[in-house]
Amino acid sequence: WDKTFCFNVNDIHDDLEVVVYNERKTGKNEFVGKAIIPLLRLNNGTAKMCVLKDKHCNMKAKAGGVVKLECYFVYNHIRAAIRTFKPREVKMMEKEEKFNRKTTHFAQFQVLMSNIRRATYLGRTLLSTWHFIQSLWSWQDKWLSALSFFLFVMACILAELWMVFPLLILLLLFGYMVVYVRGHHLWQIGSRRKSRHRDEDDEEEESSMEVTYPHTTPLQAPLTCGVDHVHTQEGEEGSELEDEGDPTAEDQSKAGISQTFKQLQRVLLLLQTLLGQLADLGERVHNFCHWRVPWLCWLAITVLTVAMVIVYFIPLRYIILAWGVNKFTKRLRNPHYIDNQELLDFISRAPTYKQLHQWNEALMQIKSKMLKAQISSSGNEGLVST
């Protein structure tokens, strides 16, 4: 407590994780709470009260409490913009997802079902957009279809390539105006309905990580019955083989069943990972368009403006030539260069719904009177400057 820490930040889109432990002389230290703070949300020189949450930052910690932080965050906007289009650093302390015997089958399927629901929500959004386009083609709303048809014809006749960039800029500014008119905070999770669904998903995911479910759960019963049935068949085959006096065939049968079960685990883990990545991509695009990270949106507007000027004054063939020469000669100029997708790296800086839920109420600006009362009532709170 009452210490000053200084950290070197390589990516301004990283989070500051504050974990509080209760020190014990014997045994492990007791976990009190944790808070995740996005660096771009810090206000220099302003005291903040961080609500301590559980290990996964899904809900408040059992012990409760807050920790007072006063942070200073200084960075170069140009270097930060260049770093945004590079791959994000991998968190080395993050555990690799895998199936193990200690984790119940129901817990693993709970995470899989959560990713399926997230991917399904993304699919419904795309499907509703496709239905809207089909309604324009079928002239269900005559005035809207006529206006769309007129705009399509005029765009095909008069539009040029450089006009795509101001159109994207106008769409981003329209999203900003919608957020501003509605009066929602730029970091606020979208609608109440969506946040309620995300809270349920996070609670289910948290329970799948910490709670050991009984063997009588409905989702686990078929899996347990299936395994018991396999073992029963093994026992019957093994008894027959023992009668025949061939133990080698029994070992091969057990090894084949074990190998099949491991392959099934790998397939389920791959499916869970792919669905999670697909859902994360859709959520990041949605949160980017809704200005959850204003700095990222203003950077996109700046890049689109520069691209519009370049495309307007330079012929397209020269732009494609410069792009191709750069791609072919990168490895020659830098043998240790790692190829990346700039657009995906840029989108990866936008938060997912889970991250927004973790950030929610992580920082609360308390009035001076409430802050003094909180500090006077508890002498365990300290000042941390970064």
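This is a predicted model: local features need pLDDT of at least 70, side-chain atom pairs count only at pLDDT 80 or more; totals for chains, interfaces and linings use all residues.
**Entry 1**

I count a residue as buried when its relative accessible area is under 20%, as exposed when the area is over 50%, and as partly exposed in between. Tryptophan 139 comes to 42% relative accessibility, so I noted it as partly exposed. I found tryptophan 139 in the loop between H2 and helix H3 (142-158). Its phi is near 55 degrees, a positive value in a residue that is not glycine.

**Entry 1: the chain as a whole**

I looked up the overall counts next. The chain has 12 helices and 6 strands. Of its 386 residues, 31% count as buried. I also checked how far apart in sequence the contacting residues are. Among contacts between residues at least 6 apart in sequence, 69% join residues at least 24 apart.

Here is one pair I looked up: valine 111 and glutamine 272 are 161 residues apart in sequence, yet their C-alpha atoms are 7.7 Å apart in space. Valine 111 belongs to helix H2 (residues 105-137). Its relative accessibility is 15%, which is why I list valine 111 as buried.

**Entry 2: another tryptophan**

Where does tryptophan 291 lie? I found tryptophan 291 in the loop between H7 and H8. Tryptophan 291 has a positive phi of about 60 degrees, although it is not a glycine. Its relative accessibility is 0%, so tryptophan 291 counts as buried.

Then I turned to its partner H1. Two packed helices are described by the distance between their axes and the angle between them. For helix H1 (residues 77-84) and helix H8 (residues 294-313), the axes come within 11 Å and cross at roughly 85 degrees. The two helices are therefore roughly perpendicular to each other, because angles of 65 to 115 degrees are counted that way.

Which residues of H1 meet H8? I noted His77, Ala80, Ala81 and Thr84 on the H1 side, and Trp295, Leu296 and Leu299 on the H8 side. By class, this contact has 5 nonpolar residues, 2 polar ones and no charged ones.

In soluble globular proteins, nonpolar side chains tend to be buried together. I went looking for such groups here. The largest nonpolar core has 33 residues, and Ile37, Leu69, Leu172, Phe288 and Phe346 touch the most other members. At least two residues each come from strand S2 (15-22), strand S3 (30-38), strand S5 (66-70), H1, helix H4 (164-182), H8 and H10. H8 gives the largest share of this core, 8 residues.

Leaving aside neighbours within four places in sequence, phenylalanine 346 is in contact with Thr84, Phe85, Phe288, Leu296, Leu299 and Ala300. There is also a second, separate core of 5 residues, which includes Ile36, Cys57, Leu356 and Trp359.

Phenylalanine 288 came next, and I placed it in helix H7. With a relative accessible area of 10%, phenylalanine 288 is buried. Not counting residues up to four places away in sequence, phenylalanine 288 touches Leu172, Leu296, Cys297, Ala300, Phe346 and Ala350.

Is asparagine 287 buried or exposed? At 1% relative accessibility, asparagine 287 counts as buried. This residue lies in helix H7 (residues 247-289). Beyond residues up to four places away in sequence, asparagine 287 touches Arg292, Pro351, Thr352, Tyr353 and Leu356.

I then looked up Thr352 from its own side. Threonine 352 sits in the loop between helix H10 (342-347) and helix H11 (353-359). Its relative accessibility is 6%, so threonine 352 counts as buried too. Setting aside its neighbours within four places in sequence, I noted contacts of threonine 352 with Asp280, Glu283, Arg284 and Asn287. Last, I compared threonine 352 with phenylalanine 288: they are 64 residues apart along the chain, and their C-alpha atoms are separated by 9.5 Å.

Terms used. Residues are numbered from 1 along each chain as its sequence is written. Side-chain values use heavy atoms; hydrogens and water are left out. Helices (H or I, at least four residues) and strands (E, at least two) are DSSP runs, numbered from the N terminus. Buried means under 20% relative accessible area, exposed over 50%, partly exposed in between (1.4 Å probe, protein chains only). Contact means heavy atoms within 4.5 Å. Axes are lines fitted to C-alpha atoms, for helices over the stretch in contact, and angles run from 0 to 180 degrees between N-to-C directions. Angles under 35 degrees count as roughly parallel, over 145 as roughly antiparallel, 65 to 115 as roughly perpendicular and the rest as oblique. Ala, Val, Leu, Ile, Met, Phe, Trp, Tyr, Cys and Pro count as nonpolar, Asp, Glu, Lys and Arg as charged, and the others, Gly among them, as polar. A nonpolar core is a set of buried Ala, Val, Leu, Ile, Met, Phe, Trp, Tyr and Cys residues joined through side-chain atoms within 4.5 Å.
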